[in-house]
Amino acid sequence: MGQHDRFDAIVAGAGHNGLTAACYLAKAGLKVLVVEKNDWIGGAAVSRSLHEGWTYSNCSYVCSLLRREIVRDLELPKYGLQVIPYEGGASFDSDGDYFAYMSDHDALRREISRHSARDADAYDRFSQTVIRQCRFIRPFLLRNAPDPTSLKPRDIGELLFLIKQAHGLGKKELGETLRFWSMSIGDFLDEHFENDLIKAHIAGAGIIGTGLGVYSPGTAYVLLHHYMGDVDGAIGAWGFARGGMGAISNALGACFEEAGGTIVTGSGVDRFLVSNGRVTGVALANGDEYHAPIVASNMDVKRTFLQHTGEQYLPGDFVKAVKRFKIRGSSGKLNIALDALPEFPAAPKGAPFLRGDLHCAESLNELERAYDDWKEGRWSQNPYFDMLIPSQIDPTMAPPGKHMMTVFVQYAPYDLEVGGVRAGTNWNGQTRGAFANCVFDKLEQACPDIRSKTVHAEVRTPWDIEQEVGLTEGNIFQGELTFDQLLFNRPVPGYAQYDTPINGMYIVGSSAHPGGGVMAAPGANAAREILRNIGRGGNMTGYAA
Amino acid sequence: MTTPNYDAIVIGAGHNGLTAAATLARKGKSVCVIEKNATAGGMARNTTFANGIQAPEIAHLLYNLHPKVKKELGLGSVRAPLEVRDLPAVSLSEDGNHAVIRNGKAELADGRPHPETAPFGELMRRLTLFAGLLGQLSTKSPPSLEDGLASLDKLTELAGLAKLGLDLKRMGKKDMREFLRVLLSNAYDLILDDLEDGPLAGALAADAVRGAFAGPRSPGTVFSLMYRLGQGGGAQLPLGGMGAVAAAFETAARAAGAEIRTGTGVARVLTENDRAAGVVLEDGTEISARAVLSNTGPMPAMILAGAEHYDVEAVRRMRNQRCKGTAAKVNLVLNSAPKFKGLSPELTAGRLLIASSATYVERAFNPAKYGEMPENPVIEAVIPSLSEPGLAKDAQHVLSAVVSSVPYALEGGWDEAARESLAAVTIATLEKYAPGIGALVSDCQVLSPACIEARTGAPGGHWHHAEMGIDQILTVRPANGMAHYRFGPEGYYLCGAGAHPGGDVTGLAGRNSALQLLKDGVI
Amino acid sequence: MTKHVPIGLIETPFQPRLEALSTAKSWTNWAGYVSPAMLDTVEFEYFAIRNQCTLFDISPMHKYRITGPDALKVVNRLVTRDAAKLRDGRVGYVLWCDEEGMVIDDGTLFRFSETDFRLCCQEPMYTWLLDTAWGFNAEITDESQDIAALSLQGPTSFSLLQDAGLQVVAEMKPFDWREIEPDLWVSRTGFTGDLGYELWVPNGKALELWDRLWAAGGHWGLKAIGFEALNICRIEAGFIAAGFDFQPVHTAMRLGRGRSPLELGFGKMVDFTKGHFNGRRALLKQQEAGLRYHLRKIDIGGFKPADGALIYHKKKKEVGHVTSGVWSPTTKRNIALAEFKAPYGESITDDLWAEVYVNEEGQWDRRLVPVAIEEKPFFINSRARATPPRPF
């Protein structure tokens, strides 16, 4: 065993959370190694060139939730990260009309009034409620989830903080908050709006990435999860990372290496090495072993413990809890290289909202039916999609005159049903092609010439995402965002503070609080816990201190 | 000022209205209950067919009657006789391997032990433990949010919460963590984490969503399952039918000194200076009182007093209340006792469930979301005359079926043809388990959720007057800012299932509201 | 064909005239419309209001019609005062609250009859009015896009109307309102505390009205003005403005930012005896528990307008802030509206100081200047109320 394979800490997986944790640890003076199974870093925040001249953000594709405290701490702009907000969005219906979300508030009111005069004021009331809830929740993202069964001063302190925040709301708002957190996005929207197209446009944010329908209670919270970010303080705004989502990972990687960290790519963790209840290092698939008293896994909790840790090192209850942790894949993606910008006949030429997120959902029932398909192991026959053409804003994504389109599609099951058998392996060339065809058919509702302008399309099913990125069942959040899997329940009750039953071993991915969405909060929070546990907490500057 | 006719008037002689009246009368208050129908009892009444045979009109079993109410009202005592019989639950399987749940334990219909006896028992242990904990909150007004969380004068109300917190801690870390994990979760995952997806799982899933506008995959259905398990989860058949339950409540109220007037409903609630002052009946009669309690649904209660007495936000919350009923009632008169594949006569008399798996229950609910008729509905059926032969008439029996996943707002509306088609779906579904049952049907009665609304006034025909979702319980039931039974003008109270703790024949909403009224010093 | 909505600011029917008169090219966004901050200079526009007469385009105001058998019930459910006491052909200043008794907005209520009202206000209110009217036999119509309006204010405004052939307004008392010609409604109202009228026409007749007034305006010194000059006058008159002196509660993102009519000094506008109205129970509770804030008119020492200044008691304890502050060119005083945390501004009114920062060509200076509470509006002139009005 040489000096070169000994580290203070090892991070398994170079996803954005793993890199974030690694950055904080390295900046605190630890000798840190990041190991990554793929030949590139980034996990699901990557920019890949899969067709000559085009760059695909082939997993996550837009940015908003990345905590600004972390961006500042790690000086990510210095390492090339540039986030540019986009200007709106639209939903196209099947009658040649559309609803456009516009960043100009007065124009937005006019646009809503065009569909329903009543809904124009309702939108203001809706966004006020949502922003109020965002303001309530944001402080919790970078804090530990308190363990309600614990009597430790720190847990009690966190609980008191929660109570204090809740108390600050006053009775009426507290009641509204309780309702909001337990409602479905469908019911919440029905309470505010009468127009189906407007409701459908907003509802997408309540289901993206989940195994829930628009009328499933708890989806109003999921909407919040997508609204609680910001671009330069504009709450709820979303933007593109210039050069694709890989820009985030690359900036983190550069920051990490400048802080003295080492990244080894091309071979993933085969197993975590455990001795006497303590983690001692990792053994890679290629046979290499690295050793450290601290090992942090950026893999989801199922993959970490059920595939790469011997069950003999874990309490039975813990294994059971990990097994029942829900990581259901529900979404797929099409990444499309376009010969030219498609036409959107319904919209005014060059409308700014075409540079935002585009959809073709017309009603909440349509979305709910899309969910019913998924429950039965089918992709939605009438799918929801979140489609963007980032090359309109970001010139680095496609050759001049050409464009790149990203289409997030929901719902698509991981265990596709074919002939009465549900299995991920049912995803093959044929089913993948049929799935893509179904999406293209619906895309034509917005841009009828899409097929003729397509030069290359990458089809990604939950199965593919699992195979490539390693996310179990292709779930983009490393675990569903339902209440039984949030806060002190995430990922496992009793182990919600990034720790695990194995000494020195930590969970730093989105399986941990506060969950996924390219927030980097789990990674940063975990690093803070690690440093605190080894008595290095005081050495940090910035938020993690 | 003239002396009011009564201390309190109760609108509606459903079981909660009668409980409220009895509770007030027992404290020496003069109370009058006004019922628009000819008989008291609301959803807990009997109906009589053309041939004279009796059947439970809507509700057919008791699940959750609260012991406190039972004791305080003297239900089942000489004062208000009521006899019940515990029924096993039989979850039917097309292959005849029916699952039987008796006293919280699983077995097979042919007497063999159920392969999942152990995990089922452990699941039930947890759920009934948790249900018991939650049950502590049901006998008091819900915790107040008045002045936020830290106000000292609310300590008495918070004491209940504190006790809950203490009992939670007392359960031990493991159970406490499990409680906090599953509380807001969905029944489907909870059940299938421990059980195979068969009739046993289906029975629990069906119990979790009966009467609710939700499938078992909806988060919040673990709560509704726990609510159903509040008194252990067993179902009881009242001897003499549900009408006997109505009669017992009525007798208890009268015995306590309450007056009950039937046959004429209340047209509106009178107010003076933002205070309830009495009621005007549909025939124009004015009756004055110092307080008025309404056993109607929340929205009808508001309309009776007049929307102008409520803030715009309160009205909006009422309008937004989720109360889409999903349970229909089908009573089938059968020429002889039906035969179910693989069921003994003893079990045929049980609570029969058609819910072959949790997935079946989820699928059954799908059409209801879109206002469509279910193709394969979840059914809870009971044949009371098998337990109480005296109810049969000329060898004829009534199969009383609660058919779930039936939409209130059926596309195309509820006309005669729609009701006939629901009867046909019900019979076809039963036929799979009791071949030949269709040929036995000589008469039938179908009550859609819309009919139930018309008969009882329950909004949307909803069993619980308002959906028991997490967003509509406790401190936000019936609506944010209205959770303490006080309902707009001073002295006006909501005493029905739309108030805390919610539906089922528990009597708690009626009892709690009366106690709150007394505590408020209104009368 | 889909009718795409315009992006950016849109124009009122008067924009062609305003555009032609604008030398300052200083426009602001008023409810999505282009509106002049000033057309020429604030100073001369201000003096035109107080010395001659002025035209201000108030078309961006939201206008709603409440009609039907239950219109009065709906209005009374909405506002805090008793609209039953408002006679036909009269206008009333009104406030309305949410369920917590916090002001949603204020505005003017025009009564045609018991079954027909118009509400004119700053904030969009359509959905709120629909919600208020739910369960009642009344219809809500949004007239905002259909009705154009001009505010003609100043001591010579009556004379101008006379010359324009509208002498019938002579008989109109303050807060009267009537249709003086087909499709032309006039109310003797305004936001300046001076003699003035507001004229209401369908959009199609807007320019005709403008030209008719403009033609008669020469001798009377008619001038078109922008928002800034008007704002000075409204502070002189002691009028509050939504978004400045109080945060309309429906637009308050943060909790506790709403203010009740009692706190804004409009206790007299709240009629607890008329039956239930929105927020009544909460306001009764607040009255019992005590107010949290007091909005007051104040006189500030020195000559530096104190907009936004913090106010201290005994120069130490921060007790409030100025919500609107200007130098008043007519009264030659440094005036403001200010919000105090109770009991300051009510039972404690002495030893109050405003903190003013002065930048004299790059040199910053912090000053504490004395604050005195005023009971009456700063600008009072009997010409404002004389009926028939005086010629100037």
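Into which domains is chain A divided? Chain A comprises domain 1 (3–45 + 63–83 + 243–325 + 479–539), domain 2 (117–233) and domain 3 (331–412 + 415–460), the bounds coming from an automatic or database domain assignment. The model is predicted, so that local features need pLDDT of at least 70 and side-chain atom pairs count only at pLDDT 80 or more, while totals for chains, interfaces and linings use all residues. Residues are numbered from 1 along each chain as its sequence is written, and chains are lettered from A and ligands numbered from 1 in the order in which they are written.

For chain C, the assignment gives domain 1 (15–61 + 145–225), domain 2 (62–142) and domain 3 (292–379).

| Domain pair | Distance between C-alpha centres |
|---|---|
| Domain 2 of chain A and domain 3 of chain A | 28 Å |
| Domain 2 of chain C and domain 3 of chain C | 34 Å |

Within chain A, 15 residues of domain 2 are in contact with 13 residues of domain 3, contact being defined by C-beta atoms, placed from the backbone, that lie within 7 Å. On the domain 2 side, helix 7 (185–192) and helix 8 (196–207) of chain A each give two or more residues; helices are DSSP runs (H or I, at least four residues), numbered from the N terminus. Helix 8 of chain A provides the largest share, eight residues. By class, this side of domain 2 of chain A has eight nonpolar, five polar and two charged residues. Here Ala, Val, Leu, Ile, Met, Phe, Trp, Tyr, Cys and Pro count as nonpolar, Asp, Glu, Lys and Arg as charged, and the others, Gly among them, as polar.

Conventions
Two residues are in contact if their C-beta atoms, placed from the backbone, lie within 7 Å.
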